[in-house]
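Let us walk through a protein model, one contact at a time. Keep the sequence beside you as you read.

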Amino acid sequence: MSHTDLPRSRTAVGCTLLVIALGAGLTGCGGDDDPLAAEPYDAADQVSFSGGEGKPTDPDKPLEVVAEDADGRITDVTAVDAAGRYVAGELAADGTRWHSTSPLAAGARYTVRVSTENGDGAPGRKVFTFRTGRPTTKKHLNVTFGPKQGTYGVGQPITAELSLPVKDRTQRAVVERALKVRSTPAVEGAWHWVDDKELHYRPKDYWPARATVQVRSNLEGIKVGDRLWGGRSKPLRLGIGDRVVAVTDAAAHTLTLYKNGKEVKSVPVTTGKPGFETRNGVKVVLGKEYFVRMRGTSIGIAAGSNEDYDLPVYYATRVTWSGEYVHAAPWSVGSQGSANVSHGCTGMSTGNAKWFFDNVREGDIVKVVNSDGDTMEAFGNGFGDWNVPWRKWREGSALTAGPSQAAGAQQTARLAPTAT
């Protein structure tokens, strides 16, 4: 097709040259009655569009082209900005309406080319131009940090909840650069995108004992994407307590608590029996509940079946949202230290459970080894963040180059119950 307008002489029938900006080839006047052979007519009176020629258009609103002539229809629409970026859109099956399905950019100049067809099948053309202004409303991306201000164990991850999803990697990088974590003493750490609206931050290793962690966002006023700007956030300051790590050896039926690298106490326990094996791996204390009513139906056990139970439980330290606890289990004292008979929790005597309850806090580490169960989930059921290898963890950052690789599960025959 030619984009050059060629000079043409007037004829006896007074043909008038229409200069069409669509690049369509120009045809001469003649006696051909084929409507498809005719030069496209000016369809200005047959279509309208939602943009305002001569005044800025709101980029937050979709672009719409409508056929005003009941005997005509729209056959094609293209909308492109000065940078060559096309706007996606949908044309109604009857050709009466076209609307954009992708957002317009702010402060951009657009050209809209519309092709039409009248009742006789003759083609028409119309070109609109418009400029978008500043959006009348801005979307603000707010950040909420967690956990709540206080003192936590060395395994507590930092969380960042976004008010809107961010999927684009470039935009994620803008967000991530603005989220600042500083610890005293300093440690190596990184953010990891759990999903489009949540990030977790953890050091390569656990936080140093008695560290101070400060978290803030510099995102306010920063442009993240078209019409998406950083909003406000409240900074967070955490204290880190002693390095408390409890290691449960499911094969040896013991739980050993270490404080700042030194063994404090080892107690007999029972863990999950076959079919209800306790999860292996590193978990983080999520909370402590003096009393919990535990029912088998809450973990999918059929009511009235042989495995069903309904028990009052005391000194319950939660390590997963799905209901795994370290708790008092006086009914299984005879098996503690010798057999695994629970439905997945770590049970101990009431005295030992109270001692454990009194000596751990949120964020402390509870590590299970030598169970026949699966490994604790990385996300979604508590904080399994520490089960993700450091290299894999860094691949979850938008600031780290390189493809993400699936974390391979490593099978270990028996692990020594040492503090980590």
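Start with a group of charged side chains. Arg279, Lys283, Glu324 and Glu377 are linked in a network of salt bridges. A salt bridge here is a side-chain nitrogen of Lys or Arg within 4 Å of a carboxyl oxygen of Asp or Glu. Side chains of opposite charge can pair when their charged atoms come close. In total, the structure holds 15 salt bridges.

A word on the source. This is a predicted model, in which local features need pLDDT of at least 70 and side-chain atom pairs count only at pLDDT 80 or more, while totals for chains, interfaces and linings use all residues. Residues are numbered from 1 along each chain as its sequence is written, and side-chain values use heavy atoms, with hydrogens and water left out.

Now take single pairs. Arg73 forms a salt bridge with Glu117, and their closest N and O atoms are 3.3 Å apart. Arg73 lies in strand β4 (residues 73–81) and Glu117 in strand β7 (residues 109–117), so the pair ties together parts that are 44 residues apart in sequence. Strands (E, at least two residues) and helices (H or I, at least four) are DSSP runs, numbered from the N terminus.

How covered are these two side chains? Arg73 counts as partly exposed, at 35% relative accessibility. Glu117 counts as partly exposed too, at 24%. The scale is simple: buried means under 20% relative accessible area, exposed means over 50%, and partly exposed is in between (1.4 Å probe, protein chains only).

Arg85 forms a salt bridge with Asp81, with closest N and O atoms 2.7 Å apart. Arg85 is partly exposed at 47%, whereas Asp81 is buried at 6%.

Next come two loops. The side chains of Asp242 and Arg210 meet in a salt bridge of 2.3 Å, N to O. Asp242 lies in the loop between β18 (236–240) and β19 (244–249), and Arg210 in the loop between β14 (198–203) and β15 (212–217), so the pair ties together parts that are 32 residues apart in sequence. Asp242 is partly exposed, with a relative accessible area of 22%. Arg210 counts as exposed, at 56%.

Another loop holds Ser342, between β25 (325–328) and β26 (346–348). Is Ser342 buried or exposed? Ser342 is buried, with a relative accessible area of 13%. Its side chain reaches the backbone oxygen of Cys345 at 2.7 Å. A polar atom of that side chain also lies 3.1 Å from the backbone nitrogen of Gly344.

Gly133 sits in the loop between β8 (123–131) and β9 (139–146). Gly133 counts as buried, at 14% relative accessibility. The C-alpha atoms of Gly133 and Asp58 are separated by 5.9 Å, and the two residues are 75 apart along the chain.

Finish on the surface. Lys180, Arg182, Arg216 and Arg237 gather in a patch of positive charge. Patches are made of residues with over 30% relative accessible area and no salt bridge; like charges are joined within 9 Å, and nonpolar side chains (Val, Leu, Ile, Met, Phe, Trp, Tyr) within 5 Å. Lys180 lies in strand β12 (residues 179–184) and counts as partly exposed, at 32%. Tyr290, Phe291 and Tyr314 make a nonpolar surface patch of about 310 Å². Tyr314 is found in strand β24 (residues 310–318). Tyr314 counts as partly exposed, at 34% relative accessibility.

Note on methods
Areas by Shrake-Rupley, 256 points an atom, 1.4 Å probe, with all protein chains shown as cover. Lys, Arg positive; Asp, Glu negative; His and termini not counted. Charge placed at Lys NZ, Arg CZ, Asp CG, Glu CD. Polar contact = N/O pair within 3.5 Å; in protein donor to acceptor, adjacent residues only side chain to side chain.
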